[in-house]
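Please look through the sequence and the model below before reading the report that follows.

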Amino acid sequence: MSMAPVTEIDVEGVGTIRHLNMWQIGAMRKCKGSNRYIAPFAFAAGMTVRQFKRLSPELQEAVRQAYHRLTSPAAMVPEREARPTGPRLPRKGEHVSEERQIEIGRRLIEMKKQLPRGHFGPWIEKESGISYNAAQRFMRAAKEADERSAA
């Protein structure tokens, strides 16, 4: 069973909890005191800190739990079983045939779809063992091959 990463969680009575964007992270850093603790939960729910404070304690706790589930490492990256299977990725400096580049590119495109926005680059650098430029080259080769076969 393939399990895609969690990108949003609905909380009844509040709305949808999503990952923070860069603007929200910047705004959160400007918060002072207890508001700094509350800000990630409020912003993830699409609220201001003041609106979040007006929620009942039960709803605040539901938002906190949803936010923690959303940002837990288990929710960020698909499990090993969910990752595409196939031949290993090439080592640095290893020659890769055009056919294999296309195959690897397709696998990388699938992985990019599974990961939350902004997590593919770090995944490439940490997990794959290939450079980001090589990954882009492989994905471009796959897209061009798919376009040629569709025409």
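Arg29 is exposed, with a relative accessible area of 57%, where exposed stands for over 50%, buried for under 20% and partly exposed for values in between, taken with a 1.4 Å probe and protein chains only. This residue is found in helix α1 (residues 22-29), helices being DSSP runs of H or I with at least four residues and strands runs of E with at least two, numbered from the N terminus. From Arg29 to Pro40 the C-alpha to C-alpha separation is 9.8 Å, while the two residues are 11 apart in sequence.

This is a predicted model, in which local features need pLDDT of at least 70 and side-chain atom pairs count only at pLDDT 80 or more, whereas totals for chains, interfaces and linings use all residues. Residues are numbered from 1 along each chain as its sequence is written, and side-chain values use heavy atoms, with hydrogens and water left out.

**Aromatic pairs**

The structure holds five aromatic pairs; rings of Phe, Tyr and Trp (its six-membered ring) pair if their centres lie within 6.5 Å, and planes under 30 degrees apart count as stacked, over 60 as edge-to-face and the rest as tilted. Two of the pairs, both involving Phe120, are set out here.

| Pair | Geometry | Centre to centre | Between the planes |
|---|---|---|---|
| Phe120 and Trp123 | stacked | 6.2 Å | 20° |
| Phe120 and Tyr132 | edge-to-face | 6.4 Å | 65° |

Phe120 and Trp123 are three residues apart in helix α7 (residues 120-128), so about one helical turn separates them. Phe120 is buried at a relative accessible area of 5%, and Trp123 likewise counts as buried, at 11%. Because Phe120 lies in helix α7 and Tyr132 in helix α8 (residues 132-150), their pair ties together parts that are 12 residues apart in sequence. Tyr132, at 31% relative accessibility, counts as partly exposed. Elsewhere, ring pairs link Tyr37, Phe41, Phe52 and Tyr67 into a cluster.

**The hairpin**

How do strands β1 and β2 run, and how many bridges join them? Strand β1 (residues 8-11) and strand β2 (residues 15-18) run antiparallel and are joined by four bridges, two strands being counted as paired if DSSP finds at least two bridges between them. Asp10 stands opposite Thr16 in β2. The hairpin of β1 and β2 has three residues between the strands, and Gly13 takes a positive phi near 90° there.
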